[in-house]
Protein chains: 2
Amino acid sequence: MSKFWSSLAKQVDPYIPGEQLNDDTIIKLNTNENPYPPSNQVIQAIDEASKNLRLYPSPTVDELRSEIGEMYGLSQDHIFIGNGSDEVLAFSFMSFFEPGNRIKYPEITYSFYPVYAKLFNISTDVIPLNDDYTIPVEHFYNSEGGVIFPNPNAPTGIFLEIDQIKRILENNPNQVVIIDEAYIDFALESAVTLVEAFPNLLVIQTMSKSRSLAGLRIGFAIGNPELIIGLERIKNSFNSYTVDRLAIAGAIEAIRDKDYFLQTTTKIIESRSYLKEQLETRHFDILPSQANFLLVSHKEVNAEVLYQELKKQGILVRYFQKPGLENFLRISIGTPAQIEKLLKKIDHIIKPSP
Amino acid sequence: MSKFWSSLAKQVDPYIPGEQLNDDTIIKLNTNENPYPPSNQVIQAIDEASKNLRLYPSPTVDELRSEIGEMYGLSQDHIFIGNGSDEVLAFSFMSFFEPGNRIKYPEITYSFYPVYAKLFNISTDVIPLNDDYTIPVEHFYNSEGGVIFPNPNAPTGIFLEIDQIKRILENNPNQVVIIDEAYIDFALESAVTLVEAFPNLLVIQTMSKSRSLAGLRIGFAIGNPELIIGLERIKNSFNSYTVDRLAIAGAIEAIRDKDYFLQTTTKIIESRSYLKEQLETRHFDILPSQANFLLVSHKEVNAEVLYQELKKQGILVRYFQKPGLENFLRISIGTPAQIEKLLKKIDHIIKPSP
C-alpha cells in the first residue's frame with residue numbers, strides 16, 4: 001500500500017493470467033492459445049502495414065468493423081473493436097452495468113468478471129452451477145443489473161444452447177445480457193443470430209483463440225447499434241486508438257481467409273475428440289467441452305500433483321487453486337504431436353514404472 | 001441516450017481526436033505525427049516477431065521496461081508500459097486521483113484531461129495560464145488531489161524549466177504530480193532526472209511523436225516503483241495484455257536505434273526554427289514552441305478561414321473551436337518539402353492575387 005494510491009488502486013484485486021514462460025522448449029497448453037500460426041495472409045498484411053507506422057491508426061476502425069459485420073450479415077454499426085476481448089469486457093462493464101444494481105454471473109466462470117466488478121464497483125449476484133457444471137438457466141432471469149457469462153463457459157467448456165440464451169434474454173428485457181463467446185468458433189453456434197431480435201444482447205468475441213492471434217490483441221463486440229454507441233462513448237473517453245495499425249491490418253485478413261480458419265478450427269475440434277477419448281481410457285473424468293480445451297480430473301491422481309509433474313517434464317497445463325476446481329486441470333488442445341507427448345508423459349506419471 | 005447505458009456512459013463527454021483522413025495525397029500536419037518513418041530496425045523486429053503471433057505477449061513487458069529504464073539509468077521497476085500515453089494517462093487518473101479531491105491542470109492544455117476527469121468522476125481546479133500562455137507555477141502548489149500538465153504544454157508548445165517543476169513537486173508532497181512529456185524529445189530536458197528524488201513524480205512519455213510510432217500504440221510512465229505498482233494493479237484489473245507482440249518488439253528497437261532517433265529529432269527541431277522564421281515574415285504571431293508543432297495566429301487572417309482554405313488546398317492543420325484558442329492554428333512540423341508547400345499555400349491565401 002502506498003499513500004499515493006487512490007482508494008480504487010487499494011481496493012482492486014487484480015487478475016493473474018496463466019504463466020507465460022519465455023522458453024521455446026516447453027509445450028504450452030495452459031492459456032488456450034491456438035497451436036497453429038495465423039494465416040499467411042495475416043503476416044503479409046502486417047508487413048505491408050508496417051510502412052505507415054508513423055501515422056495514427058483509424059480511431060473508428062471502420063474497415064475491420066465492416067469486414068466482421070459482413071461475416072455475420074450485419075452493418076458495421078453493429079460492431080465494436082477493442083484491444084483483446086478483455087478490453088471489450090472492461091468497456092462493457094463501464095457502459096452497461098451500474099454500481100448498486102447487482103449483475104449475475106456463474107460461480108465457476110472466467111475469473112476476470114469478479115475483478116471487473118471490484119474495479120468498477122458493481123455489486124454481484126454469483127449463481128452456483130448445476131451439479132453437472134451446466135448453467136442453471138432460470139437463475140439468470142430477472143437480474144437487477146445485467147447478466148454475463150461465457151458460452152461455451154470457461155473453464156468448463158460446456159456449451160449452452162441458443163434457445164436457452166433466448167429465454168435469458170426474454171427474461172431480462174431491460175438489462176444488458178453479455179454472452180462472452182471467446183471459444184464460440186469451436187462450438188455449435190453463435191448467439192449473434194439473436195442480435196437483431198434482442199436489443200439487450202451483446203456478444204463478445206476474440207481473435208486470440210480461433211484466429212491464432214493472441215499476440216495481436218483484437219477483440220470485438222456485436223450488438224444493437226445503440227449498445228455499440230454506448231461502448232464508443234466510454235472508449236473515446238479512455239483512449240482514442242486502442243488497436244494499432246498492424247493489428248487492424250492483420251485482423252482484416254484473418255477474417256478474409258475463411259479456408260484457413262475452417263481448416264485449423266476443424267483440426268482442433270478433431271484433436272479435442274481424440275484427446276478426450278485417450279484421456280478417458282486413462283481414467284480421467286472429462287466435462288463435455290465445445291472449446292479449445294478440456295477440463296479434466298483423474299480418478300486417482302491429484303490434479304496439483306499432475307500439474308507439477310507435467311511441468312517438471314516440460315508440459316504446462318492450467319491448474320486453478322480455486323474452490324470447486326481444486327481437482328481439475330484445464331488442458332488446451334495442442335497439435336497432434338503435442339498431444340502424443342502429453343499422453344506419454346501422463347502415462348509415465350499415472351503408471352510409474354515399478 | 002439509451003435505456004441500456006449506465007449513468008457513466010450517459011455522463012461522459014468523449015474526446016474527439018484530430019481528423020484521420022484516408023487520403024495519401026493530403027499533407028497531414030494536424031495530429032503531430034512524425035514526418036519521418038520509424039527506424040529500419042523497428043520494421044525488421046516487427047517482421048521477426050510476427051512469427052509468434054499465436055502466443056500471448058508478455059503481460060509484464062519486462063524486456064521493453066528494462067530497455068527504457070536503461071536509457072534513463074533506472075531499473076525496470078521504475079517503468080510502466082501502456083497502449084499509447086492516453087492509456088497510461090487513463091490508468092494514472094484511476095491509480096492516483098481520488099473523486100472528491102480536486103486536481104489541478106491548466107485551462108489551456110491537452111483536452112483529454114477534462115474527459116478523464118468526467119469519466120472517473122474526479123473534481124477539478126482548472127488554472128488559467130498567464131497572459132503570455134506560460135504556466136503560473138505558484139498556482140499549482142498545495143493541490144487537494146494532485147497535479148497534471150504536459151511539458152512542453154499542448155497546444156502552446158511552451159516548455160517549463162525543470163527547477164520550476166521541482167518547486168511544484170516540493171509544494172505537493174502528498175499528491176501525485178504527473179508531467180505528461182509527450183513532446184519532451186523536442187525540448188530542452190526531461191523531468192525524469194527528478195524521479196529518484198521525488199516519490200510523488202510520475203513522468204509519462206510516448207513513442208507516437210519522437211519515435212515515429214503513432215501507429216503502434218506505445219506509451220510509458222516513469223516513476224518511483226511504488227507508483228508503478230499502483231499502475232500495475234489497475235492495469236491488471238482492466239486488461240492483462242494491452243501492448244501486443246509487434247508493438248513490444250518494435251518499441252525495443254526504437255529505443256535501441258539512438259542514432260536514427262537523434263537524426264530525426266534534430267531535423268524536426270531545425271525545421272521548427274525555419275518554419276517559425278518564415279511564418280514570422282508572413283505576419284504570424286507564434287508561441288515559443290519546444291514541441292514538434294507551432295501554435296500560430298495571423299495578424300489579419302482569421303484562423304478558421306485559414307484552416308478551411310488550407311484544407312481545400314490539401315493541407316490539414318489543427319483548428320480548435322475552443323475558448324482562448326479561437327484564433328490559433330496548430331501546425332505539426334513536416335518535412336522540408338511539406339513546409340515549402342505549406343508556405344506557398346499560405347502565401348496564396350494571405351496575399352490573394354488581385
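Through which surface do the copies, chain B and chain A, meet? I began my notes with that.

**Entry 1: ground rules**

I am working with a predicted model, in which local features need pLDDT of at least 70 and side-chain atom pairs count only at pLDDT 80 or more, while totals for chains, interfaces and linings use all residues. Residues are numbered from 1 along each chain as its sequence is written, chains are lettered from A and ligands numbered from 1 in the order in which they are written, and side-chain values use heavy atoms, with hydrogens and water left out.

**Entry 2: the two copies**

I looked up the contact (heavy atoms within 4.5 Å) between the chains. Of the interface residues of chain B, 99% are also interface residues in chain A, so the copies meet through the same surface. Chain B puts 80 residues into the contact and chain A puts in 79 residues.

I then checked how one copy is placed on the other, by least squares on the C-alpha atoms of residues with pLDDT of at least 70 in both. Chain B superposes on chain A by a rotation of 180 degrees, with 0.0 Å of shift along the axis and an RMSD of 0.0 Å. The two copies are therefore related as by a two-fold rotation axis. In chain B, the C-alpha nearest that axis belongs to B:D47, at 3.3 Å.

**Entry 3: what the interface is made of**

I noted the buried area (the accessible area, with a 1.4 Å probe, that two parts lose on being put together, summed over both). Between chain B and chain A it is about 6,700 Å², and carbon and sulfur atoms give 57% of this.

I looked for salt bridges (a side-chain nitrogen of Lys or Arg within 4 Å of a carboxyl oxygen of Asp or Glu) between chain B and chain A and wrote down zero. For polar contacts (a pair of N or O atoms within 3.5 Å; within protein, one must be able to donate a hydrogen and the other to accept it, and residues adjacent in sequence count only if both atoms are side-chain atoms), I wrote down 44 residue pairs across the interface, both residues at pLDDT 80 or more.

Helices here are DSSP runs of H or I with at least four residues, strands are runs of E with at least two, and both are numbered from the N terminus. Among the elements that give two or more residues to the side of chain B that touches chain A are α2 (40-49), α4 (84-96) and α8 (245-256) of chain B. The largest share, seven residues, comes from α4(B).

**Entry 4: a helix in chain A**

I use buried for under 20% relative accessible area, exposed for over 50%, and partly exposed for in between (1.4 Å probe, protein chains only). In helix α5 (residues 112-119) of chain A, six of the eight residues are buried, so the helix is largely enclosed by the rest of the structure. Among these buried residues are A:F112, A:Y113 and A:L119.

**Entry 5: loops in chain B**

I found B:I333 in the loop between β12 (329-332) and α11 (336-350). B:I333 is buried, at a relative accessible area of 1%. Its C-alpha is 6.5 Å from that of B:I268, 65 residues apart along the chain.

Which peptide bonds did I note as cis? One runs from B:N151 to B:P152, with omega near -5 degrees. Another joins B:A154 and B:P155, with omega about 0 degrees.

B:N32 is not a glycine, but has a positive phi of about 60 degrees. B:N32 counts as buried, at 1% relative accessibility. B:H283, also not a glycine, has a positive phi of about 70 degrees. B:H283 counts as partly exposed, at 44%.
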